[in-house]
Amino acid sequence: MHDYSDQVVALTAALVRPDIQQMSAYHVPNAAGLIKLDAMESPFPWPGDLQQQWLEKLSTAQINRYPDPQATDVKRRIRQVMTVPDAYSILLGNGSDEVIQLVIQALAREDAVVMSPEPSFVMFKVIANINRVNYVGVSLTKDFALDIDAMLNAIAKHAPAVIFLAQPNNPTGNLYDLQAVEKIIIATPGLVVLDEAYSAFTDRNHVGLLAKYPNVVVMRTVSKVGLAGLRLGLLIAHPGWIEMFDKVRLPYNINLLTQLSAEFAFENYGQLQALADIICQQRKELADQLEQIGRVEIWQSEANFIVFRTLSVNARTVFEKLKEQGVLVKCLDGAHPLLKNCLRVTVSSFEENQYFLTALKAALQSCG
Ligand SMILES: *Cc1c(COP(=O)(O)O)cnc(C)c1O
């Protein structure tokens, strides 16, 4: 066997887009052996008998056949569970990451601009970059609210083709003021994607805005309610938008196992929502107990995670000390100036939250 590594290095240097050569692949930290509180996953497996019933459903899969390209049964279930009015259509993606990609690819006219407040979900920028679409980030205020004047100025200057607003926002956990959101929707000539990745953990629902504005679509995912492994995201929009995004979508993007599992999940969605409700109770508990520690500043969250700032202690040191004790959180320090000394912890089961709190106290104490 020939060792072609040198030739391959030369070929990639010559052939791969220079901007892609400069990029680094999306990094996921190794969590082996750690309590994983870094990625907003649910700590709960299928409840009760569902594991067995799910496997039975999967055993019917005709894996030699292509899946339904429209995933009709999944969409029908979503329509019921999420009470999507008949006037709107649904697009499915391999996670909402793929939905973001479809939207950006469809709108990637020459000189198009993708806009988002910052800090927010990094994939908005990453996917714009991969598709060679200009990206403009507009800083939030220091309490993580929309800086409405800055947003309106940026909209006037760049006329974005699309603005992504995560409601609630990741990594900050808060909801933006609805009036500010509507001002942005009215001011922009482009599309506004309301990213409701955390819809199971908040009462806020923006589907009603579709009846008020032609330039609004709502994106959701099942990743945060116990199905991160499934990779299923969705877009609810006026049919005219979906028709366009559907042209960019690869025909069988939702594989058969995901379709069957998603049908099953939506048939039993009440049980998943009940687990999400437990997480919301735990969020309150965890926030109260974090407050009591005293040496951290915490932010109100409408999602399944909490952001806090370590006071008079370096957050990176705390992050490392948590890891030494077997707990993986997300260190936000360095990601954006507003996130100085901030850590983000996923709200988990009572037991894992207690373990985290004990480890955090120990970490803070050992910092003196
Ligand atoms: C987690 C998250 C998503 C994405 O998820 P998928 O797992 O790709 O469905 C999208 N938007 C925000 C704001 C998120 O936090």
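1. A friendly place to start is alanine 71, which is buried, with a relative accessible area of 2%. Please keep in mind that this is a predicted model. Alanine 71 sits in the loop between α3 (50–58) and α4 (72–81). Its phi is positive, about 45 degrees, although the residue is not a glycine. Most residues other than glycine have a negative phi, and most peptide bonds are trans.

2. You will find phenylalanine 144 in the loop between β4 (134–139) and α7 (148–158). With 1% relative accessibility, phenylalanine 144 counts as buried, because buried means under 20% relative accessible area.

3. Now for the peptide bonds. Glutamate 118 and proline 119 are joined by a cis peptide bond, with omega about 0 degrees. Proline 119 belongs to the loop between β3 and α6. Another cis bond runs from asparagine 170 to proline 171, with omega near 15 degrees. Proline 171 lies in the loop between β5 (162–166) and α8 (178–187).

4. The side chains of serine 120 and asparagine 169 make a polar contact of 2.7 Å. Is serine 120 buried or exposed? Serine 120 is buried, its relative accessible area being 10%.

5. Stepping back, the protein chain is divided into domain 1 (5–46 + 271–366) and domain 2 (61–267). Their centres, taken over C-alpha atoms, are 23 Å apart. To the contact, domain 1 gives 27 residues and domain 2 gives 34 residues.

6. How much area do domain 1 and domain 2 bury between them? The value is about 2,400 Å², with 68% of it on carbon and sulfur atoms. On the side of domain 1, Trp46, Glu302 and Leu338 lose the most area to domain 2, together 24% of what that side buries.

7. Six residue pairs are in polar contact between domain 1 and domain 2, while zero salt bridges are found across their interface. On the side of domain 1 that touches domain 2, α11 (269–293) and β10 (305–310) each supply at least two residues. The largest share of that side, six residues, comes from α11. By class, this side of domain 1 has 15 nonpolar, six polar and six charged residues.

Terms used. Residues numbered from 1 in each chain as written. Predicted model: local features only at pLDDT ≥ 70, side-chain atom pairs only at ≥ 80, totals over all residues. Heavy atoms only, no water. Domains from an automatic or database assignment. Contact = heavy atoms within 4.5 Å. Buried area = accessible area lost by both parts, 1.4 Å probe. Salt bridge = Lys/Arg side-chain N within 4 Å of Asp/Glu carboxyl O. Polar contact = N/O pair within 3.5 Å; in protein donor to acceptor, adjacent residues only side chain to side chain. Helix = DSSP H or I, 4+ residues; strand = E, 2+ residues; numbered from the N terminus. Nonpolar A, V, L, I, M, F, W, Y, C, P; charged D, E, K, R; others polar. Buried < 20%, exposed > 50% of the residue type's maximum accessible area, 1.4 Å probe, protein only.
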